[in-house]
Amino acid sequence: MKDYIKKDNWQIIEDQFFPDYNEISESLFSLGNGKMGLRGNFEEDFSGKTLQGSYNAGIYYPDKTKVGWWKNGYPEYFAKVLNSCNWIGLSFNFGNEILDLNKCNIGFFKRSLNMEEGILYRQVKATTPNGVNFSIDTHRFTSMANDEIACLDYTLRLDNYKGQLNISAFLDFDIVNKDSNYDEKFWEEVAQSSTGNDSFVHARTLKTSFELGVSQSLAIYHNGSRLNANSHNTHSKYASNQYEVDINPGDEIRITKYVGFASSLYYAPEAIQEAATTIAHNAAQTGIEALLQAHKDEWKKIWDRCDIKIEGDVSAQQGIRFNIFHLMQTYTGSDSRLNIGPKGFTGEKYGGSTYWDTEAYCLPFYQSTAPANVANQLLKYRYNHLAKAIENAENLGFSDGAALYPMVTMNGEECHNEWEITFEEIHRNGAIAYAIYDNINYQDDDSYLTQGGLEVLIGIARFWAQRVNYSVDKEKYVMLGVTGPNEYENNVNNNWYTNYIARWCLKYTSQSIELVKTKYSSAYTRILELTQLKDQELTQWQDIVNNMYLPYDPERNIFLQQDGFLDKELNTVDALKPEDRPINQNWSWDRILRSVYIKQADVLQGLYFFEEDFDLDTIRSNFDFYEPRTVHESSLSPCVHSIQANLLGKKDKAYEMYLRTSRLDLDDYNNDTEDGLHITSMAGTWMSVVKGFGGMRIKNNALHFNPSLPESWQACEFHILFRGNKLSIRMEPSGTKVHLIEGDLKEVYLAGEKIML
Ligand code: BGC
């Protein structure tokens, strides 16, 4: 745990320089706009601890898989989001000294992220080893109003220096990925140029041939007088404009960098240079003030529809806004080829690819906080990958249109390569089907079934039907050799969650086929033709639904996480010594696998998705059995527990779990924020408030709330978008108010009681 970030309702503040935590801060101070993002790196040279990171969504490289022991069926490549052009670069050299904060004596330092407006600020006062006193005042943003533009404004004041100052304002594409398997560089040069106050670099990814052009247009002033570049420096994947200035004590240099991005995702390769240059020029012409205003206006619109206010607890307030802010700047739904990597634009771990996190955790967030097309894009992403999911299943020996979605993917191809996860953690397929149901239910619009949804469901259902086998001994269908959401158990038989969701998929697919048949007959004919669906398949699915084996212990009224779970030594987490935790860093894998300890919600994940199928006693006995054995070593874990604890009236537990998820990164809870933020679990934090403390559910096609305000909060107010309506829900100790801000929704249920709006 760290406690160096100052608490504030709207800002993230580091008011002193902590060189050892710099990589953590760089993650926390990341910016993005759905299309690109960057870590909170310094603009000027820095020789201390840093991970320079800029990322452009959808641009990846398939790095050759590295594994110790190859298994048939492993993918050959792992697609990685690429660390891309460093566009913020500034270098200052005075009196043969390079400005490098790592070597300076720092008198004042403040880095702050204004989440309300999406702007990163930094102010520094320091002295160089040669005694030059200087101050830096800088701010930057990645425009939410125009996602091809980023801009920075940097003022350097030299208090006691007289002599020449050399400035280099550069774009550097000669970048390596920290997570490169073979230390290769992934970008090759296309072109670079620098004239006047502009520079341009253009590079292409190896193998995937994505091209990206980045252009900078500079406005540099010395005590208010505009400077022109004295020289230019270009070499492979690098371009800079250089300025020589005669400085007197007290002089001030102000640099505004307007940066334009154009990639082959949106432009023909031959049009990239002109596009990037025009974008940067137009930005410069518009000017930073107007660009900033448009950017702030965009953030205002976002916060108007999705802010959560927590009164009386600034730490919780900062935590929730931090989570919402990062989710909003990671994914905007503008392109169905993009998705939400577990680290977003804040680091390289997990390769920036898509996991089941998107469907199970992120979708509900975007459903309620953004226009409907944003959530729809996430579904479309998977529909677009259906053919690859079918191919993926074929590679593993499945046939006849069975689809297995990858554990980790960028473009639909599997990237993951640990047999116990790649081949066994197949519950992910269920989450993708569940997301279709969830979105249809939320939007009350089943037309998506005719726009790809049903084809995805059929592919998934076919997979489950082939993955189970009939056990003559049990006279039931069983599913052998799987890994459930709890990755601290591998190759188990009959993971309850997987069997349950598989059965549900078969049922839901059959119902959806029936619905499309009656409601959308021409689509039905087309889909039937396309999928070659046969009646026997439906009969077989029904047989599996009727006879799926679901391990259960009647004595404890609990579902068994898997066959034989009760053979374990049934310790609880209390029995662990502090030095054992986290067990994934302190124990051998063998010890973890044999132990009872659970990484993240598994049976409880199923009870969360399918809450309506179970009575409260059953949910309670499972919670009471499994939660004390859960170490929550996945960031996705606490939120599900927080929601369920609320449902069960366990207020303290709900709050404890909420705190763990809400400030996970701000307090560096798991000691890994330096690798990047836990973007997908941030959606879980949002769910803990809205579905947990707010108790939001859709039941029988109506919107329900079941508020339970944490004791330490004076009030909590959240906003949601629901079927064309915008609502605010304000919970106070004295009661809850639901306010219809827009739309014509007639009624909602509050603690089970119907109220008219
Ligand atoms: C979790 C997975 C999750 C992945 C990416 C793992 O630690 O166990 O459920 O998909 O992280 O967030």
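In this predicted model, an N or O atom in the side chain of Asp357 lies 2.5 Å from an oxygen atom of the ligand, a polar contact in the sense of a pair of N or O atoms within 3.5 Å, where within protein one must be able to donate a hydrogen and the other to accept it, and residues adjacent in sequence count only if both atoms are side-chain atoms. The side chain of Gln600 likewise places an N or O atom 2.5 Å from an oxygen atom of the ligand, and for Glu487 the distance from a polar side-chain atom to a ligand oxygen is 3.0 Å. Of the 310 Å² of accessible area that the ligand has on its own, the protein covers 92%, with areas taken from the Shrake-Rupley method with a 1.4 Å probe and, for residues, only the protein chains shown counting as cover. The residues around the ligand, which have a heavy atom within 4 Å of it, include Tyr350, Tyr355, Trp356, Lys599, Ser634 and Leu636.

Because the model is predicted, local features need pLDDT of at least 70 and side-chain atom pairs count only at pLDDT 80 or more, whereas totals for chains, interfaces and linings use all residues. Residues are numbered from 1 along each chain as its sequence is written, and side-chain values use heavy atoms, with hydrogens and water left out.

We turn next to the aromatic rings. A pair of aromatic rings is described by the distance of the centres and the angle of the planes. The structure holds 57 aromatic pairs, counted for rings of Phe, Tyr and Trp (its six-membered ring) with centres within 6.5 Å, where planes under 30 degrees apart are stacked, those over 60 edge-to-face and the rest tilted. Tyr434 and Phe610 make an edge-to-face pair, at 5.4 Å centre to centre and 85° between the planes. This pair links distant parts of the chain, 176 residues apart, since Tyr434 belongs to helix 9 (residues 427–443) and Phe610 to the loop between helix 16 (603–609) and helix 17 (616–626); helices (H or I, at least four residues) and strands (E, at least two) are DSSP runs numbered from the N terminus. Tyr434 is buried at 9% relative accessible area, and Phe610 is buried at 5%, where buried means under 20%, exposed over 50% and partly exposed in between (1.4 Å probe, protein chains only). The pair of Tyr552 and Phe559 is tilted, because the ring centres are 5.6 Å apart and the planes stand at 45°; here Tyr552 is partly exposed at 39%, while Phe559 is buried at 11%.

Arginines also sit over rings: Arg321 lies over the face of Trp10, 3.6 Å from the ring centre, and Arg591 over the face of Trp587, at 3.8 Å. The criterion is that NZ of Lys or CZ of Arg is within 6 Å of the ring centre and within 35 degrees of the ring normal.

Some backbone details remain. A cis peptide bond, with omega about -5°, joins Arg581 and Pro582, and Pro582 lies in the loop between strand 24 (558–559) and helix 14 (583–586). Asn96, which is not a glycine, has a positive phi near 65°; it lies in the loop between strand 6 (90–94) and strand 7 (97–98) and is exposed at 78% relative accessibility. Helix 4 (residues 314–330) is largely enclosed by the rest of the structure, because 16 of its 17 residues are buried.
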